[in-house]
Each structure stands twice: as C-alpha cells, then as structure tokens.
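Here is a short report on one protein model. Keep the structure in view as you read, and find each residue as it is named.

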Amino acid sequence: MSLIDRQPKYRIGQQFKTRGKAPRVCTVVDILKTFNNAGDLVQLRYVATYEFLGQTVTDRDVPETTIAMGAL
C-alpha cells in the first residue's frame, strides 16, 4: 500500500499510554494529513491531549507507532 492510498489506522478518541519514566494516558483528538503540490499524501500525524497539573497539554506531532506501542 502506498502512502497516497493510506487511511488513518486510529480513530479520534483512541487512548494510549506514553512510554518512559512517568507514562501518561493520552487521547487522540485530531488527525493531520499533509499533502504536497501534486496532491499526494506525504505525512500522517495525530494530535493528542493529556492532563498535567490540572492543565490540558496538546501534542501535535504524534506518529502512528507511538500510539501502537501504548494502545490501551
């Protein structure tokens, strides 16, 4: 399957845990698709949020593998 025909693997609302010393539960809130001038899909990224000290933190560059490794 080429990148052009690719559909997002995870849906909005999918939860996953980050890796590391202090893992957090994140939720996918948006899917970003980047196209080149020819109309070809060149990048697929996810936007995820989590709570930290009462604040909502947004990560706008989450690759698919991060979600796959920590899917709940």
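Val 57 sits in strand β4. The model is a predicted one. In it, Val 57 is partly exposed, with a relative accessibility of 26%. Which residues does Val 57 touch, once neighbours within four places in sequence are left aside? They are Ala 48, Thr 49, Tyr 50 and Phe 52. Val 57 can also be placed relative to Cys 26, 31 residues away along the chain. The C-alpha atoms of this pair are 9.5 Å apart.

One of those partners deserves a stop. Thr 49 belongs to strand β3. Is Thr 49 buried or exposed? Thr 49 has a relative accessible area of 17% and the cut-off for buried is under 20%, so Thr 49 counts as buried. Neighbours within four places aside, the contacts of Thr 49 include Val 25, Cys 26, Thr 27 and Val 29. Thr 56, Val 57 and Thr 58 are also in contact with Thr 49.

Now move to the loop between β3 and β4, where Leu 53 is found. Leu 53 is exposed, at 76% relative accessibility. Its backbone has a feature to note. Leu 53 is not a glycine, yet its phi is positive, at about 55 degrees.

| Residue | Relative accessibility | Class |
|---|---|---|
| Thr 49 | 17% | buried |
| Arg 45 | 24% | partly exposed |
| Val 57 | 26% | partly exposed |
| Asp 61 | 46% | partly exposed |
| Leu 53 | 76% | exposed |

Two of the residues in the table form a pair. The side chains of Asp 61 and Arg 45 meet in a salt bridge, at 3.3 Å from N to O. Asp 61 lies in strand β4 (residues 55-62) and Arg 45 lies in strand β3 (residues 41-52), so the bridge ties together parts that are 16 residues apart in sequence. How many salt bridges does the structure hold? The count is 1.

Charge can also be viewed across the whole protein. There are 10 positive and 7 negative charges. The mean positions of the two sets lie 9 Å apart.

Next comes the core. The largest nonpolar core has 9 residues in all. Its members are Tyr 10, Phe 16, Cys 26, Val 28, Leu 44, Tyr 46, Ala 48, Val 62 and Ile 67. Which strand gives the largest share? Strand β3 does, with 3 residues.

Take Val 62 as one member of this core. Leaving out neighbours within four places in sequence, Val 62 is in contact with Phe 16, Tyr 46, Ala 48 and Ile 67, among others. Arg 45 is also one of its contacts.

Finally, step back to the whole chain. The protein has 1 helix and 4 strands. Along the sequence they follow the pattern β-β-β-β-α. The C-alpha atoms fill a box of roughly 45 × 20 × 20 Å along the principal axes. Of the 72 residues, 19% are buried.

How values were computed: Residues are numbered from 1 along each chain as its sequence is written. This is a predicted model: local features need pLDDT of at least 70, side-chain atom pairs count only at pLDDT 80 or more; totals for chains, interfaces and linings use all residues. Side-chain values use heavy atoms; hydrogens and water are left out. Helices (H or I, at least four residues) and strands (E, at least two) are DSSP runs, numbered from the N terminus. Buried means under 20% relative accessible area, exposed over 50%, partly exposed in between (1.4 Å probe, protein chains only). Lys and Arg count as positive and Asp and Glu as negative; His and the chain ends are not counted. The place of a charge is taken as NZ of Lys, CZ of Arg, CG of Asp or CD of Glu. A salt bridge is a side-chain nitrogen of Lys or Arg within 4 Å of a carboxyl oxygen of Asp or Glu. A nonpolar core is a set of buried Ala, Val, Leu, Ile, Met, Phe, Trp, Tyr and Cys residues joined through side-chain atoms within 4.5 Å. Contact means heavy atoms within 4.5 Å.
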